[in-house]
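Dear colleague,

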Amino acid sequence: MRKPFIIAVMVMCLAAIITSHTAWAADTTPAEIADKIVGDYEGKIHNRRAGVPITTSFFKDGDGNLVGGYVIKEGANTFKGKLSNISIDEDNTMQCKWRSKDGWGSLKVDFSQDFRKFSGYYKGRTGTGRYSWTGVKDK
């Protein structure tokens, strides 16, 4: 008598966990997800040195595509770049390309379910090295 009850409770718990971790509702469109991402995120980016402040911005271009940019402030120096080829899967994982005047590479981050923060890593064009990139959305 206890086994069926325990199994039923386990199945209900598993269903609740799966449902709570599904980021996209069945009727959510990619455009609606992009709307949630649009905004400025303050965070840190790491390279061979300690983390430095970065502002990552996402917006829609004239065609409605999600694009972005970033500004890194390291001491008196400011470095700017662009984010393109952005794709987001149903697990809130975003992948894109970054480009600045000094180089290019890939970026992969995981967004929180409410799209208010992300953390992940970037690589340079050679694919060697893997450095953290984080952001928390401004109000």
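**The barrel and what packs on it**

In this predicted model, 8 strands close into a barrel in the order 1-2-3-4-5-6-7-8, with antiparallel pairing; strands are DSSP E runs of at least two residues and helices are H or I runs of at least four, both numbered from the N terminus, and two strands pair if DSSP finds at least two bridges between them. Neighbouring strands of this sheet are turned by 30° against each other on average, direction ignored, where axes are lines fitted to C-alpha atoms, for helices over the stretch in contact, and angles run from 0 to 180 degrees between N-to-C directions. Helix 2 packs on the sheet and touches, among others, strand 1 (39-45), strand 2 and strand 8 (131-137), contact meaning heavy atoms within 4.5 Å; the direction of helix 2 makes about 145° with that of strand 2.

**The salt bridge**

The count comes to 1 salt bridge, defined as a side-chain nitrogen of Lys or Arg within 4 Å of a carboxyl oxygen of Asp or Glu. Lys-60 forms it with Asp-35, the closest N and O atoms being 2.6 Å apart. Because Lys-60 lies in strand 2 (residues 52-60) and Asp-35 in helix 2 (residues 30-37), the pair ties together parts that are 25 residues apart in sequence. Lys-60 is partly exposed at 31% relative accessible area, and Asp-35 is partly exposed at 48% (buried is under 20%, exposed over 50%, partly exposed in between, with a 1.4 Å probe and protein chains only).

**Conventions**

Residues are numbered from 1 along each chain as its sequence is written, and side-chain values use heavy atoms, leaving out hydrogens and water. Local features need pLDDT of at least 70 and side-chain atom pairs count only at pLDDT 80 or more, whereas totals for chains, interfaces and linings use all residues.

Best regards
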